[in-house]
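Welcome! Take a look at the chain below, then follow the briefing one topic at a time.

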Amino acid sequence: MMGWRGRIGFLVPPGNPTVEPEMMDLSPEGVSLHFTRMVAHGTTGAHAGQEDRNRTQIEHLADNARLLAMVKPGVMVMAHTATSYTLGMQGEADLVQRMQDEHGIPFLTAFGSVVEALRHLGIRRVAYGTPYDEATTQKGKRHLESFGFEVVAHRILPGVTNIYDETHQRAYQLARSVDCAQADAVFLSGVGMPTIDALDMLERDLGKPVLSSASAMMWNALRAIKVRDIASHGGSLLTGVSPLESQVSRT
């Protein structure tokens, strides 16, 4: 049987080429992944029209989740961080509750997974990097702050023409540029910009936890289906090896 240890369902923006390969790269043996595309119009991955696309995804989410639920996943994950910024704290909580009530399946968001991950790691002060425009970045900053985190630095990746054309090397540079001594951890927002292949390098170089929306949502989804495998890569959140331990093991 496919997914004999558990099944994870992801709701993915229509133009996103990153979620499937990154999640499959992290998936343990016996865990099957299932993807449904959300509805959005316009140029996907572009800064222009981001808020309208977010709202369209929210409008159609119930139908998309209903399709994904047919595969009987153990958890469903909304794989889009900026939609939570549009919803706000109460709107996000209401959406999660509504989806769980309708399908009887745990429902997670990428951003909600970040909140759980930061709390799990004991992080309070965050350096926050994004591939968004200024307006969306500021919404994300306020959303983090509404959950009690202190955003001690934030930075936008320069020169983005389309988020889906970005690379993990550029994500690495973004994290390096936003990090500061006051930050307990670095958080890279968004699941469209590849991040997973940069996280281990970043933690070794910065000596602190670095997580992304992608690493957090896989970590949280695996917790939801009670699969406790330790990953070989993807940052300390997934591997269970602290950045300092990683540095010692290489000396």
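The side chains of Asp179 and Lys208 come together in a salt bridge, with 2.8 Å from N to O. Keep in mind as you read that this is a predicted model.

**Salt bridges**

- Side chains of opposite charge can pair when their charged atoms come close.
- Where do the two partners of the opening pair sit? Asp179 is in the loop between helix H6 (168-178) and strand S7 (185-188), while Lys208 is in the loop between helix H7 (196-206) and strand S8 (210-212), so their pairing ties together parts that are 29 residues apart in sequence.
- Under the rule used here, the count of salt bridges comes to 14.
- Another of these bridges joins Glu20 and Arg37, whose closest N and O atoms are 2.6 Å apart.
- This pair links distant parts of the chain, since Glu20 belongs to helix H1 and Arg37 to strand S2 (residues 31-37), 17 residues apart.
- Glu51 and Arg55 are separated by about one helical turn, because they are four residues apart in helix H2 (residues 50-69).
- Both partners count as partly exposed: Glu51 has a relative accessibility of 22%, and Arg55 has 47%.
- Through salt bridges that share partners, Glu51, Arg55 and Lys139 are joined into one network.

**Nonpolar cores**

- How many residues make up the largest nonpolar core? This core has 64 residues, and those with the most contacts inside it are Ile8, Phe10, Met23, Leu118, Leu144, Leu202 and Met217.
- Helix H8 (residues 213-224) contributes the largest share of this core, seven residues.
- A second, separate core has 14 residues, including Leu95, Val96, Met99 and Ile105.
- Back in the largest core, take Leu144: leaving aside neighbours within four places in sequence, Leu144 is in contact with Phe111, Leu118, Tyr128, Phe149, Val151 and Phe187.

- Glu22 lies in helix H1 (residues 19-26).
- With a relative accessible area of 10%, Glu22 is buried, because the buried class covers values under 20%.
- Which residues does Glu22 touch? Not counting residues up to four places away in sequence, Glu22 touches Pro194, Thr195, Ile196 and Ala214.
- From Glu22 to Gly159 there are 137 residues in sequence and 23 Å in space, C-alpha to C-alpha.
- Gly104 sits in the loop between H3 and S4.
- Gly104 counts as exposed, because its relative accessibility is 64% and exposed means over 50%.
- Gly104 and Ser212 are 108 residues apart along the chain, and 28 Å separates their C-alpha atoms.

**The largest pocket**

- About 340 Å³ of space lies in this pocket.
- Its lining has 21 residues, of which Trp219, Arg228, Asp229, Ile230 and Leu238 lie nearest the centre.
- Which elements give two or more residues to this lining? They are H1, H8 and helix H9 (236-239).
- H9 supplies the largest share of the lining, four residues.
- By class, the lining divides into 10 nonpolar, seven polar and four charged residues.

**The second largest pocket**

- The volume of this pocket is about 210 Å³.
- It is lined by 14 residues, and those nearest its centre are Glu92, Val96, Thr109, Gly112 and Glu116.
- Helix H3 (81-103), strand S4 (107-109) and helix H4 (110-120) each supply at least two lining residues.
- H4 gives the most, with five residues.
- The lining is made up of seven nonpolar, four polar and three charged residues.

Key
Residues are numbered from 1 along each chain as its sequence is written. This is a predicted model: local features need pLDDT of at least 70, side-chain atom pairs count only at pLDDT 80 or more; totals for chains, interfaces and linings use all residues. Side-chain values use heavy atoms; hydrogens and water are left out. Buried means under 20% relative accessible area, exposed over 50%, partly exposed in between (1.4 Å probe, protein chains only). Contact means heavy atoms within 4.5 Å. A nonpolar core is a set of buried Ala, Val, Leu, Ile, Met, Phe, Trp, Tyr and Cys residues joined through side-chain atoms within 4.5 Å. On a 1 Å grid over the protein atoms alone, a cavity is a set of points where a 1.4 Å probe fits but cannot get out, and a pocket is an open set with protein on both sides within 12 Å along at least five of seven lines; lining residues have an atom within 4 Å of a point. Grid points are joined across faces, edges and corners, and a volume is the space filled by probe spheres set on the points. Ala, Val, Leu, Ile, Met, Phe, Trp, Tyr, Cys and Pro count as nonpolar, Asp, Glu, Lys and Arg as charged, and the others, Gly among them, as polar. A salt bridge is a side-chain nitrogen of Lys or Arg within 4 Å of a carboxyl oxygen of Asp or Glu.
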